[in-house]
Amino acid sequence: MNNPICNECQHFYITYKPKFPYGCKAFQVISKKLPYLEVKNISGINCALFSKRNKNVTIKYKKGRLA
């Protein structure tokens, strides 16, 4: 994978810290930039722990009133 998008990774999260808004649970990193950029700057290789986030979107149609 050339450039993983952190927003689509299951390890990516937004922190409550204004100075370090982005985090990665896999590498246990919080940073100002996206975590994959930090990993690339430090190690020189792309993120190896990227895993696509599963979106659980199910729409169930039920009979009856919507109240």
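The following legends describe close-up views of a predicted model.

**View 1. Overall arrangement of the protein.** The protein contains one helix and three strands, and from the N terminus these elements follow the order β-β-β-α. Helices (H or I, at least four residues) and strands (E, at least two) are DSSP runs, numbered from the N terminus. Of the 67 residues, 21% are buried, where buried means under 20% relative accessible area (1.4 Å probe, protein chains only).

**View 2. The buried face of helix H1.** Helix H1 spans residues 35-43, and Pro 35, Tyr 36 and Val 39 are buried in it. Seen down the axis of H1, these buried residues fall within an arc of 100°, so they line one face of the helix; the arc is that of the directions from the helix axis to the C-beta atoms. Their cover includes strands E1 (12-14), E2 (22-24) and E3 (29-31). Just after H1, Gly 44 adopts a positive phi of about 90°.

**View 3. The surroundings of Ser 31.** Ser 31 belongs to strand E3 and counts as buried because its relative accessibility is 4%. Leaving aside residues up to four places away in sequence, Ser 31 touches Phe 20, Pro 21, Tyr 22 and Glu 38 (contact means heavy atoms within 4.5 Å). The side chain of Ser 31 also reaches the backbone oxygen of Lys 33 at 2.5 Å.

**Notes to the views.** Residues are numbered from 1 along each chain as its sequence is written, and side-chain values use heavy atoms, with hydrogens and water left out. In this predicted model, local features need pLDDT of at least 70 and side-chain atom pairs count only at pLDDT 80 or more, whereas totals for chains, interfaces and linings use all residues.

Key:
Buried means under 20% relative accessible area, exposed over 50%, partly exposed in between (1.4 Å probe, protein chains only). A polar contact is a pair of N or O atoms within 3.5 Å; within protein, one must be able to donate a hydrogen and the other to accept it, and residues adjacent in sequence count only if both atoms are side-chain atoms.
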